[in-house]
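Hello,

Here is the structure for you to take over. My notes on it follow below.

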Amino acid sequence: MKKSSIAGIIIIAFAIGIIISTYADSSTYGSFADAIESSSDLHVVGQLNKEKELFYKPHQDANYFAFYMKDNDGKECRVVFNGSKPQDFERSEQIVLTGKMVGNEFHASKILMKCPSKYTTDQVEVREVTAKSAKT
Amino acid sequence: MEIQYIGENLLPGKLGQFFIIFSFCSALLATIAYYFATTTALSKDQSERASSGGWNRIARIAFRLNTLAVIGIGSCLYYIIYNHLFEYHYAWAHSSKILPVYYIISSFWEGQEGSFWLWMFWQAFLGTIILSKGKTWENSVMTTIMLSQAFIASMLVGVEIFGLRIGSSPFILLRDAVPGPIFGRGDYLNMITDGNGLNPLLQNYWMVIHPPTLFLGFASMIVPFAYAIGGLWEKRYSEWITPALPWTLFAVMILGTGIIMGSFWAYEALNFGGFWAWDPVENASIIPWMTLIAAVHVLIAHKNSGHSYFTATFLVLISFVLVLYASFLTRSGILGETSVHAFTDLGMFWHLVLYVVAFLFIAVLFLVIRWKELPITKKDEETYSREFWLFIGALVLSIACVQILASTSVPVFNAIFGTEIAPPPDVVAHYNKWQVPFAVVIAFISAFSQFLKYKKTDPKKFFVSISITLLVSVFITAGAVYFMNIYTNVMYIILTYASVFSILANAKILTEAFKGKWRLAGSAVAHIGFALLLVGALVAAATNKVISINNTGIGFGDEFAKSNNPRENIILYKDEPTRMDRYTVTYLGDSTQGVNTYYRINYKVIDENNGEVKENFTLYPNAQQNAKMRQIIASPDTRHYLFHDVYTHVSSVPLKEEDHEDHEGHSEDEKYEKPATYEVNVGDTVRFREGYILVKGINRDAKIQNIPLGERDIAIGLKLDVVSDGKVFQSEPIYLLKDGSKFDFGKVLDEKGLKLRFSNVYPDKDKLELMVYQKPKAEKDWVVLKAIEFPYINLFWGGTIIMVIGFILSIFRRNKEIKTA
């Protein structure tokens with residue numbers, strides 16, 4: 001057998017190994033209930049509870065941001081994030097948290113949010129210019 | 001009833017739409033004509049062969065018309081954006097009136113349609129070169145290119161056929177694209193005063209040149225693909241490699257430059273704190289780049305030894321398919337939750353899938369049909385030969401690619417199999433774990449294979465020549481890891497060693513190039529650049545240090561304190577110097593220019609022994625404030641040094657209120673803390689939080705605007721020097737006795753958040769009453785910022801530039817080989 005063929009076979013075997021381990025490395029999506037059970041990091045998808053206060057007081061601590069999120073099962077949990085409040089957070093429609101439960105708080109190491117960005121949605125912002133010009 | 005719309009300028013849109021249809025038809029015609037020009041030339045029949053020339057003429061005309069149509073589309077779209085014709089959705093969605101002209105160019109390709117146009121434009125440009133330089137290859141190569149051109153044109157058509165909308169046109173009207181009650185009025189245009197504007201993050205000069213470069217890279221990858229197909233089709237199996245090689249190098253060079261430009265843009269304009277985040281969008285562009293780099297190496301191996309024909313062809317073919325796959329990933333919306341940068345779906349999911357599948361099918365089809373005839377050698381390679389290690393190197397690159405591809409494709413996997421696999425918790429660590437070892441192997445191979453000859457090398461000579469370099473590298477590596485502070489991680493040391501070895505080995509080749517073997521220069525320079533890039537990326541990524549560490553957080557319970565995450569944001573109050581690593585950092589104030597607010601952050605390095613200022617610079621990280629949406633969009637500012645960068649961005653700032661007018665019923669004094677009242681005399685000092693106030697004297701002749709003084713009225717000014725932070729501010733509050741009543745006119749010193757009142761005079765005690773109002777500390781201006789030091793990042797950028805120079809040298813060399821061949 002040719003050396004290059006052997007190398008090729010080894011490489012293909014290696015590639016399959018990589019793909020399998022890539023998927024082994026990946027995490028799972030879950031709910032807060034799953035997070036309580038699990039000791040490893042996982043992703044929780046949910047929505048920000050906009051009625052409760054967002055706690056971010058940079059004067060006291062610029063690296064402590066806490067809020068309440070409802071996961072897709074409707075369970076609510078206090079979430080603590082070790083960093084500053086992400087830009088645009090209040091307007092998020094969906095949040096994906098990465099982290100784990102510590103006591104009865106969810107400690108997030110990463111927050112990914114989906115926002116109805118001004119630059120992606122089609123909402124015509126209309127200003128009544130006619131009324132203004134009538135006055136002057 | 002039909003509504004009569006007023007003020008719309010429909011001509012450019014109609015013209016543009018015509019050009020789109022025209023470009024699609026002409027591309028299709030050119031594809032068909034080139035196809036027949038190729039097949040008739042291959043025919044055994046004499047008369048059929050003669051007709052090839054006719055087909056070629058038709059094809060050329062169709063191609064020229066297509067180029068004109070593409071330019072026409074671009075001109076119409078530019079006209080619409082430039083003239084702010086907001087009746088068109090594209091102009092409304094991507095531009096605004098306040099946008100400077102050079103960013104109008106960026107808004108041109110902010111949307112998917114514009115970037116498709118850019119791709120078409122480059123394909124037309126490349127086609128023009130093939131027409132003049134392609135010679136015998138023109139027909140077959142152009143068939144493939146024009147097929148791709150037709151595919152992209154179809155993405156822009158935006159016409160409904162059988163209830164299916166094909167593509168998305170940039171010329172769609174706003175009233176057709178967006179539902180809204182205002183479109184019931186004929187004069188709706190009067191109410192749309194401005195467009196949505198360009199995403200502020202894209203308002204960066206790198207965004208003007210990064211997309212065209214990247215798309216030229218993507219577009220030029222079709223050329224080697226088309227040559228490979230042409231070679232299989234016309235059975236000119238090995239012949240295609242010589243003309244395709246400079247094209248392959250060109251594509252690799254341009255795409256590489258485009259990717260690094262994007263990385264530089266991310267570093268300069270985005271606040272994710274780095275130059276590479278393994279974001280799916282970044283990965284999508286680097287995957288085809290890596291396979292084509294691998295392809296370059298096996299193409300050279302095949303050219304010199306006749307080995308690895310299939311690998312070379314396969315890699316060239318798969319590279320372009322991966323380009324299409326990348327555009328599917330970024331444009332179909334499939335990345336969804338895993339990337340913040342991808343485009344949103346425009347309803348072209350299956351259209352994009354079709355594009356990928358069509359070209360994959362073509363590639364597989366030709367390989368299968370011609371399989372038996374492929375010039376695959378049965379001979380075994382020598383272990384001590386360059387071609388063998390070029391082949392191995394290419395395989396390792398491909399494997400590295402498979403890893404990135406597998407991880408990036410998780411959302412695709414989820415979509416196909418209905419699974420719900422989430423990306424790894426720490427994405428960067430996940431990729432680095434795999435890619436660092438691959439980089440080590442690749443760096444080693446790129447070093448020692450330079451000392452191998454094609455066919456056969458004497459192992460003894462080979463080991464003698466590399467052993468010295470290997471040994472010298474040990475010492476240099478030892479010094480380098482010590483100085484760059486990466487000696488704690490074994491993998492980092494090994495990668496540094498491999499890179500140093502590669503730099504030295506290739507430098508040795510380069511010195512020989514100077515002695516006359518100039519042909520070797522290109523690859524030596526490119527490899528040195530690549531190795532520098534690896535070291536730069538490694539050191540900057542491994543040792544970048546957040547310097548805005550803040551451990552003064554209080555009162556959040558033990559549970560929180562237990563987690564030992566570094567606290568990476570720090571709050572700075574205006575004019576209060578704060579110690580941050582070795583810097584003394586002061587927030588000096590802000591200024592607003594257009595939509596951006598620039599925060600002046602001064603950095604000083606002060607020698608602790610003699611108080612001498614050793615470094616002093618000011619950074620201006622900015623944020624776009626949008627008070628209505630209560631959000632900020634922050635962009636960093638970076639101080640570049642030769643050996644390190646200091647990178648700073650604000651993470652939180654007080655939102656500016658939209659109106660500063662005081663509301664009725666609120667006295668101005670409410671903004672201040674309870675005043676402190678002092679009884680003073682000339683020469684006294686009064687302390688306040690950030691300094692002291694010196695009572696200098698009394699001005700018995702004070703005047704107050706708009707208040708005429710009677711004969712018996714008295715107005716006295718109290719001359720005060722407010723000393724703070726080494727600066728002196730003058731202030732003169734006034735006390736007034738008018739018609740027997742007491743008044744006083746306080747003075748406000750905004751810079752210090754002070755209000756001073758001269759509120760009473762006690763002649764009996766010989767004292768004057770001074771009231772000091774101070775704004776509460778929290779009300780003072782503040783910013784929360786994050787600062788990162790990136791050491792040796794210039795090695796990364798510098799390595800890139802050197803690598804590109806190496807590519808240019810190689811292109812010249814390989815281009816010359818076409819002429820001599």
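**What I found**

Strand S17 (residues 714-724) and strand S18 (residues 727-731) of chain B are joined by 5 bridges and run antiparallel. Strands pair if DSSP finds at least two bridges between them. Ser724(B) has Lys727(B) in S18(B) as its bridge partner. The hairpin of S17(B) and S18(B) has 2 residues between the strands, and Asp725(B) there takes a positive phi near 60 degrees.

Some conventions before the rest. This is a predicted model, where local features need pLDDT of at least 70, side-chain atom pairs count only at pLDDT 80 or more, and totals for chains, interfaces and linings use all residues. Residues are numbered from 1 along each chain as its sequence is written, while chains are lettered from A and ligands numbered from 1 in the order in which they are written. Helices (H or I, at least four residues) and strands (E, at least two) are DSSP runs, numbered from the N terminus.

Next, two helix pairs in chain B.

Helix H9 (residues 222-233) and helix H10 (residues 241-269) of chain B have axes that come within 8 Å and cross at roughly 155 degrees. Axes are lines fitted to C-alpha atoms, for helices over the stretch in contact, with angles from 0 to 180 degrees between N-to-C directions. H9(B) and H10(B) are therefore roughly antiparallel (angles over 145 degrees). The crossing of H9(B) past H10(B) is left-handed (the near helix is turned anticlockwise from the far one by less than a right angle). H9(B) makes the contact through Val223(B), Pro224(B), Tyr227(B) and Ala228(B), and H10(B) through Pro243(B), Ala244(B), Trp247(B), Thr248(B) and Ala251(B). Contact needs C-beta atoms, placed from the backbone, within 7 Å. By class, this contact of H9(B) with H10(B) has 8 nonpolar, 1 polar and no charged residues.

The axes of helix H18 (residues 490-514) and helix H19 (residues 521-543) of chain B also come within 8 Å and cross at roughly 155 degrees. H18(B) and H19(B) are therefore roughly antiparallel. H18(B) passes H19(B) in a left-handed crossing. Residues that meet include Leu495(B), Ile503(B) and Leu510(B) in H18(B), and Val525(B), Ile528(B) and Leu532(B) in H19(B). The class count for H18(B) with H19(B) is 17 nonpolar, 5 polar and no charged residues.

Last, chain A. Chain A has 3 helices and 7 strands. From the N terminus, the order is α-β-α-β-β-β-β-β-β-α. Of its 136 residues, 30% count as buried (20 or more other C-beta atoms within 10 Å of a residue's own).

Best wishes

Methods
Angles under 35 degrees count as roughly parallel, over 145 as roughly antiparallel, 65 to 115 as roughly perpendicular and the rest as oblique. Two residues are in contact if their C-beta atoms, placed from the backbone, lie within 7 Å. Ala, Val, Leu, Ile, Met, Phe, Trp, Tyr, Cys and Pro count as nonpolar, Asp, Glu, Lys and Arg as charged, and the others, Gly among them, as polar. A residue is buried if 20 or more other C-beta atoms lie within 10 Å of its own, exposed if 12 or fewer, and partly exposed in between; C-beta atoms are placed from the backbone.
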